[in-house]
Amino acid sequence: MTDAKGHSAVRAMKKPTKLSKDTVWEKLELFPTPPWATRALMEIALPRVVSMRPSSIWDPCAGLGHMEVPLSEYATVHASDVHIYELAPLSAEYDPRDREFRDAPLTTAAFGIERVDFFDDAAAWPFDRRGWIIGNPPFVPAARMLAKALAIEGVEGVALLLRLQWLTTDERWREVYSHMPPSVVAPFVERVPMCLGGYDPDGSTATDYAWFIWSEPKRCKLLDGADPSFPLQHIPPCRERLTKREDRALALRCVPGFVPPSVLRKQSPFQAALELG
């Protein structure tokens, strides 16, 4: 599989801002997950489905590691991605690792993210105990990723963060819902802002997201004629409660040239006129 069909994150905006077109992060749909949205899975959505949180987690579309960091608060995490990204220089004021890598290009490998193509036949469960696959894949190959994840020996559950739009279309009905429906779909009541190439703590969006969760993969496969319906359980407002002060350090983990959309809005002539008015 080529990098152009990778699986780094969910597309959140159709038009990137202030980043060059045709970059690897645009092709791989690198839209890092706000940390609070990952904690919402672990603290709200998953406890409704399983009695115990997973102790081992593989994030196979880790991107820049924005999901791996909060997941590590709850479990042992193996983070990988189809691509190792070059990062913008970090500020030593916020992250002391900048001193260590000052004289060399900083990449996501510095944070322990391994280069693994999840769709490669050699990609196997990385733990000696059972656990979950949790990730934020790009929209189109998500069904293919799900099918492989459910088939991996050692996987006891899968949770994917996707646009709510992934619920629909004839194609996804054939590929997913007609024969391996999720245990639950948990839409966010609040919007989960994501942007190309980095994390914006003050970002906003008009896009709806949900956690799609499959527990006990063998039970997710339906027999012919079985009922394919599944519950929809909303995630209540939690952004403020599940956001931590140290999350802002993750905003510095971005691709070269990334400017947070919230900063661009403040810099726009229109916004300046509003503030003056």
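**Entry 1**

I began at serine 80, which stands opposite glutamate 114 in E3. Strands here are DSSP runs of E with at least two residues, helices are runs of H or I with at least four residues, and both are numbered from the N terminus. E2 and strand E3 (residues 114–115) pair in the parallel sense over 2 bridges; two strands count as paired if DSSP finds at least two bridges between them. Strand E1 (residues 56–59) and E2 run parallel and are joined by 4 bridges. I then looked up the cover of strand E2 (residues 76–81), where 5 of 6 residues are buried. Buried means under 20% relative accessible area, exposed means over 50%, and partly exposed lies in between, with a 1.4 Å probe and protein chains only.

**Entry 2. Basis of the values**

I note that this is a predicted model, in which local features need pLDDT of at least 70 and side-chain atom pairs count only at pLDDT 80 or more, while totals for chains, interfaces and linings use all residues. Residues are numbered from 1 along each chain as its sequence is written, and side-chain values use heavy atoms, with hydrogens and water left out.

**Entry 3. The whole protein**

I recorded 10 helices and 7 strands. Of the 277 residues, 52% count as buried. I also looked up contacts, meaning heavy atoms within 4.5 Å. Among contacts with a separation of 6 or more, 77% are between residues 24 or more positions apart.

**Entry 4. Strand E5 and its partners**

I found that 8 of the 9 residues of E5 are buried, so this strand is largely enclosed by the rest of the structure. Strand E4 (residues 131–135) runs parallel to E5, and 5 bridges join the two. Glycine 135 stands opposite leucine 160 in E5. The chain passes from E4 through H5 to E5 in a right-handed β-α-β crossover. Right-handed means that, with the strands pointing away from the viewer, the path from the first strand over the helix to the second runs clockwise. E5 is also joined to E7 by 7 bridges, and these two run antiparallel. On that side I located glycine 157 opposite serine 215 in E7.

I then examined helix H5 (residues 142–151) and found 7 of its 10 residues buried. Among them are Met145, Leu146 and Lys148.

**Entry 5. Aromatic rings**

I recorded 9 aromatic pairs in the structure. Rings of Phe, Tyr and Trp (its six-membered ring) pair if their centres lie within 6.5 Å; planes under 30 degrees apart count as stacked, over 60 as edge-to-face and the rest as tilted. Tryptophan 166 and tyrosine 177 form an edge-to-face pair, with 6.0 Å centre to centre and 75 degrees between the planes. Tryptophan 166 is in the loop between strand E5 (155–163) and helix H6 (170–177), and tyrosine 177 is in helix H6, 11 residues apart. Tryptophan 166 has a relative accessible area of 0% and is buried; tyrosine 177, at 3%, also counts as buried.

The rings of tryptophan 166 and phenylalanine 212 have centres 5.4 Å apart and planes at 85 degrees, so this pair is edge-to-face. Phenylalanine 212 lies in strand E7 (residues 209–215) and tryptophan 166 in the loop between E5 and H6, so the pair ties together parts that are 46 residues apart in sequence. Phenylalanine 212 is buried, as is tryptophan 166.

I also noted one aromatic cluster formed by Trp58, Phe118, Phe119, Trp125 and Phe127. The charged end of lysine 148 sits over the ring of phenylalanine 118, 5.3 Å from its centre. This requires NZ of Lys or CZ of Arg within 6 Å of the ring centre and within 35 degrees of the ring normal. Arginine 163 lies over the face of phenylalanine 139, at 4.0 Å from the ring centre.

**Entry 6. Loop residues**

Most residues other than glycine have a negative phi. I looked up two residues with a positive phi. Glutamate 29 has a phi of about 55 degrees and is found in the loop between helix H1 (24–27) and helix H2 (35–45). Glutamate 29 is buried, with a relative accessible area of 14%. Threonine 169 has a phi of about 95 degrees and lies in the loop between E5 and H6. Threonine 169 is partly exposed, at 42% relative accessible area.

Last, I located threonine 205 in the loop between strand E6 (184–187) and E7. Leaving aside neighbours within four places in sequence, threonine 205 is in contact with Arg191, Val192 and Pro193.
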